Amino acid sequence: MTLLNLSDLSVTLRVRPVLSHITLDVRPGELIGLIGANGAGKTTLMRAALGLVPFTGRASLAEMTPGERGRHAAWMPQTREIAWPVSVEALVGLGRVPHEGRASADEDRAAVDHALSTLGLEPFRHRTATRLSGGEQARVLLARALAQETPLLMADEPIAGLDPAHQIGTMKSLAALARDGERGVIVSLHDLGLAARYCTRLVVLHQGRIAADGPAGEVLSPALIREVFGIDAFYEDTPRGPVFQPLDILGPGPDS
Ligand SMILES: Nc1ncnc2c1ncn2[C@@H]1O[C@H](COP(=O)(O)OP(=O)(O)OP(=O)(O)O)[C@@H](O)[C@H]1O
């Protein structure tokens, strides 16, 4: 079974080619880390997959009706704007909207409770979402996506701005979600160390194309790290799992 199929997907934004001929399948059990330099096209890829930006080629999600898509895929965007001063519980409950008229009140409540507990947010349940810190708000928005209980979860930089414990905790929760075998998760992230440790597969975007796709041990080769990120790094499989640490910039730096 495939949860998401992208075939020969290309995106041009204001005459600028951003993605070229992307082909990608996401299957249950996978936690895919979408990595690449700033501007590589990670957000654009996920937004195109959801049908939120024009593209050529095929994106299976974009072919669904909005209702079907809402029950199939949850989306946590990079912009963490919470517009209204509602409670955390109410905000997470919005994840249940696609199930309106299909799920019972008990099922909705259980999904919200489960999402709050998965991300350690019970103490925040009755707090006003707009009065939380940036990292707390990010966890609440991810909880809203979890409460949607969709086969596919897509999250744009869900761990950016979280403290180390919550970064690890969130990656573990996403890994557990995928590990149950029925769901697939795709996240963009810049922390290659956490990507190496928790993702079952890394997809590297570079110059609008997929430069590598596979397990971290294969993908994060010194040559690829040099070419795509312009750095060198330490990478080793240790008894406590893979350890990846960026060491230095090679050459004049990314923006020169
Ligand atoms: N609406 C737009 N019009 C023109 N160009 C755009 C538009 N949106 C994004 N871009 C360009 O598309 C490219 C890809 O942007 P995107 O946000 O997908 O990158 P990203 O890999 O998610 O980056 P980051 O790691 O910085 O979040 C960038 O060069 C960006 O400037």
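The stops below go from an annotated span to the ligand and then to a pair of helices.

Because this is a predicted model, local features need pLDDT of at least 70 and side-chain atom pairs count only at pLDDT 80 or more, while totals for chains, interfaces and linings use all residues. Residues are numbered from 1 along each chain as its sequence is written.

Begin by selecting residues 4-232, which the unreviewed UniProt entry annotates as "domain: ABC transporter"; such annotations may be inferred rather than shown by experiment. The end C-alpha atoms of this span lie 33 Å apart, and the span is 37% helix and 25% strand, where helices (H or I, at least four residues) and strands (E, at least two) are DSSP runs numbered from the N terminus.

Next, select the ligand together with L13, R14, R16, V18, G36, N38, G39, A40, G41, K42, T43 and T44, which surround it (C-beta atom, placed from the backbone, within 6 Å). Two or more residues of this shell come from each of β2 (16-26) and α1 (42-49), and α1 gives the largest share, 3 residues.

Finally, select helix α4 (residues 105-118) and helix α5 (residues 134-147), whose axes come within 8 Å and cross at roughly 140°; the axes are lines fitted to C-alpha atoms over the stretch in contact, with angles running from 0 to 180 degrees between N-to-C directions. The two helices, α4 and α5, are therefore oblique to each other, oblique being what remains after under 35 degrees (roughly parallel), over 145 (roughly antiparallel) and 65 to 115 (roughly perpendicular).
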